[in-house]
Amino acid sequence: MEYEDYSLEEFLTDDYFYNWVKNPSAETKAYWDAWTASHPDKKDLINEAKEMLLALSTEAKQLSDQDKKRIWETVSDRKSAYLASLRKNDEPSQKAGGIRHFYLFKIAAAVALLVALGAVSYYFLSAPRTVTYATRYDEVKKIVLPDSSKVILNANSQLSFKEGWSRNRPREVTLQGEAYFEIVKTTAGKHQKFIVHAGQLQIEDLSTQFDVNNRRKKVKVMLREGQVRLIKPDTKGKDSLMMIPGDLVVYDSATSVFSRHKVMPDPFISWKDGIQTFNDTPLASIAQTLEDTRGLKFVFDNDSLKDFRFTGRFEGSDLDSFLFILSKSFNIKITRSGNQITIGKK
């Protein structure tokens, strides 16, 4: 999950963060304690967001998307009006004071709006609750969805969906990170769409098994069996790509371009069985995979080492042995200090 790039507003309106603050469980507490400890530069921002949410007088609930939009539209409007009033005053001392006052205003306005809209939502809105599953680094979780479809959620990932699935509407989930899906057909032979939202990309399943990796501003979809259709954002289905088994499609959100490759599916999904498989994979890509799923930090002393390619596999629990094999395979030096792995020439 890319919380590293979150603003104050995004933390306040993130359902998983909101639940941790207002109604913490053992799972959310473990995740956010670990995340905060590994991101000390975000401590002040996290504390500010927590204080604002704790000011709410209502019990914990999910804010709807409409609530969130109204909150930040109103804050933005008030912010613009307030800054406009400050610009009318040319005295430096008053401008400096205005900046401090705006900071306090920003918190007060946001808290007031959250309290008001949270109370209205809690008592009057009947929108379905959002269910969220999240995994820590080096954790894999099996999930059964309301329609009995199965999901295996990879490490450092999050899956969310609305409760109360209806036969008259598509089944929809949102993924950050990586997951393997086994989708069931709906009853009476009438297939109901299953949609995965991964970043800006929409993935429509037509009864199948597939893997989705949504990390680092790229979405990778590997189809094992069945069919899926990939739909680019804001095209209403007019710009799409149909996949067949053995396809690996990479969507780059920066360029809005699909690239298709033919692969053997099993190596791409071996992670769900606790095995990490690499096939002619650059060390740079191996490092990224371990950073994303284990919370490690890789440092290369020489950029040329990033292009060394490795083929092999290892049990997910035996990282140190894998690093030893890498060092012997390329006659390089690999040292570990806590969560930092340094790769250099001998």
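Which residues are exposed on the other side of H4? They are Asp-44, Glu-51 and Leu-54, where exposed means over 50% relative accessible area, buried under 20%, and partly exposed in between (1.4 Å probe, protein chains only).

## The model

What you see is a predicted model: local features need pLDDT of at least 70, side-chain atom pairs count only at pLDDT 80 or more, and totals for chains, interfaces and linings use all residues. Residues are numbered from 1 along each chain as its sequence is written, and side-chain values use heavy atoms, leaving out hydrogens and water.

The protein's mean pLDDT (the predictor's confidence in each residue, from 0 to 100) is 81, and 76% of its residues reach 70 or more. Over residues 57–61, though, the pLDDT is below 50.

## Helix H4

Back to H4, which covers residues 43–54. Helices here are DSSP runs of H or I, at least four residues, and strands are E runs of at least two, numbered from the N terminus. In H4, Ile-46, Glu-48, Ala-49, Met-52 and Leu-53 are buried. These buried residues fall within an arc of 160° seen down the axis (using directions from the helix axis to the C-beta atoms), so they line one face of the helix.

## Salt bridges

A salt bridge is a side-chain nitrogen of Lys or Arg within 4 Å of a carboxyl oxygen of Asp or Glu; the count comes to 17. One of them pairs Glu-204 with Arg-229, with the closest N and O atoms 3.0 Å apart. Glu-204 sits in strand S7 and Arg-229 in strand S10, so the pair ties together parts 25 residues apart in sequence. Glu-204 is buried at 6% relative accessibility, while Arg-229 is partly exposed at 22%.

Methods. Contact means heavy atoms within 4.5 Å. The expected span of a helix is 1.5 Å times one less than its number of residues.
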